[in-house]
Amino acid sequence: MDANPNFTDTTTPELEQSITSLTANLNAAAFEQLMMIAEFDTRQGWCEEGVRSCAHWLNWRCGVSLNAAREKLRVAHALQNLPKTREAFASGRLSYSKARAITRVGTEDNEECLLSFARYGSASQLEKSVRLYRRQYVGENGEIVTPLEAERQAAMRQRESRLLDTRWDEHGCLEIRARLTPEQGAVVLKALEAAVHSLKDAEAESQLKEPPKIEETYQDLLDGAHTSSAHQHRRADALMLMAGQSLGSNSTITNSDDRYQVVVHVDSQVLAGEAQHFPNGKPDCYIEKEVALSVETARRLSCSCKIVTALTNGSEPLSIGRSARAIPTGMRRALAIRDGRCMFPGCDCNRHLDAHHIQHWSSGGETSLHNLVEVCHYHHVKLHEGGYSVQRLSTGELKFYKPDGSKLSDTPAPMKSDDPLQPGDSEAWFWNGDSMDYDVATYSIANATRVTPL
């Protein structure tokens with residue numbers, strides 16, 4: 001394919017025909033890719049790479065974002081039960097966007113109805129019809145329910161889906177994304193309103209010469225429809241005020257009581273791999289009440305937990321040393337600066353990371369930057385209980401190995417496209433720009449599912 005194609009000599013009708021034909025071709029190719037993904041996931045071909053899931057494998061090997069990868073997997077598996085949708089998709093007549101919408105509610109009973117909406121409507125109209133249908137008629141387990149029952153279950157889903165997520169963006173600012181139930185959202189908005197009024201009073205005191213202007217600004221601020229920069233800035237300031245008030249009224253309590261600590265008991269020789277046996281039928285590595293624990297699990301935990309040395313005479317403790325961190329705080333910060341993310345191939349996790357000893361300290365490994373690597377908790381388990389291993393070369397490069405000893409590739413293979421796609425079926429579907437009656441659409445989908453909605 002020419003990297004700089006020139007279409008100046010192509011007529012507009014020819015260009016239009018080429019675009020629609022290529023789109024149909026791409027639709028057919030997208031269907032084939034989804035079927036391959038479904039089979040690859042069924043075989044669990046991604047397991048050998050040490051990744052968390054097929055979605056993570058797609059993210060690493062194919063450059064697909066995690067959210068998009070998870071959605072591709074969902075659609076790929078859902079299509080297995082929709083033969084008519086598969087046929088339309090495979091021929092290139094159905095786009096991925098429309099197929100994705102159909103798979104959210106599609107069954108063998110109603111897919112003909114959904115395909116008719118796909119044929120005569122736009123992708124956005126189909127998606128909205130599906131969304132409204134799910135809200136009004138679909139219960140938690142996919143069954144058809146009355147609108148009243150759907151409303152009750154929707155309220156439960158609202159509560160179960162509440163969240164608050166944060167991330168630092170490319171400009172160094174904190175982004176906060178929250179999903180709250182209606183009543184929680186109302187409380188938060190009231191708190192924001194109160195904080196806004198507090199800011200209003202403070203500003204009014206400092207600008208007594210222009211109180212009407214201040215009042216007008218804050219009245220606009222309290223209007224939910226207002227979207228000016230001043231409005232957004234003041235709401236951010238109000239959130240900051242709320243956080244400051246919360247911290248000011250609640251003292252931070254650090255509780256180091258032993259009853260809040262999990263204690264792992266393990267013999268030093270067992271931890272170093274020099275001995276492993278069960279004296280008197282009791283485990284050498286255990287937590288409370290002598291519940292046995294894997295030695296590899298103890299090694300993973302000791303990478304970053306507090307270590308307490310106890311001198312014993314048999315089972316009788318003679319002296320217990322003071323706890324000390326395996327990794328000093330300063331070294332942990334330096335490690336975060338150097339790595340800053342999970343270093344396991346194919347993983348881009350950069351939060352809540354563990355520090356892993358490449359050569360375990362119980363086997364003579366040092367607690368040094370050269371002997372440490374940051375990994376996420378999932379891959380920390382893989383490097384201990386999972387049988388994977390890592391080695392740092394003299395150049396500082398990391399090499400990861402599978403449980404069978406073979407090297408794990410640290411870079412994805414280049415994607416190739418040796419065979420040009422064959423021209424697809426360019427049959428046009430027939431949306432003519434009309435609006436859609438969504439009440440009729442949702443009722444039709446429910447009725448096609450062979451359960452008359454109430």
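Predicted model: local features only at pLDDT ≥ 70, side-chain atom pairs only at ≥ 80, totals over all residues.
Residues are numbered from 1 along each chain as its sequence is written, and side-chain values use heavy atoms, with hydrogens and water left out.

Asp339 lies in the loop between helix H14 (329–338) and strand E9 (354–357); helices (H or I, at least four residues) and strands (E, at least two) are DSSP runs, numbered from the N terminus. Asp339 is buried, with a relative accessible area of 14%, where buried means under 20%, exposed over 50% and partly exposed in between (1.4 Å probe, protein chains only). Its side chain also joins that of Arg338 through a polar contact of 3.0 Å, a term for N or O atoms within 3.5 Å, one able to donate a hydrogen and the other to accept it; within protein, residues adjacent in sequence count only if both atoms are side-chain atoms.

Helix H2 is a friendly next stop. Eight of the eight residues of H2 are buried, so the helix is largely enclosed by the rest of the structure. Among them are Trp57, Leu58 and Trp60, and what covers the buried residues includes H1 and H3. At the start of H2, a side-chain oxygen of Ser53 comes to within 3.3 Å of the backbone nitrogen of Ala55. Just after H2, Gly63 adopts a positive phi of about 70°.

Methods. Contact = heavy atoms within 4.5 Å.
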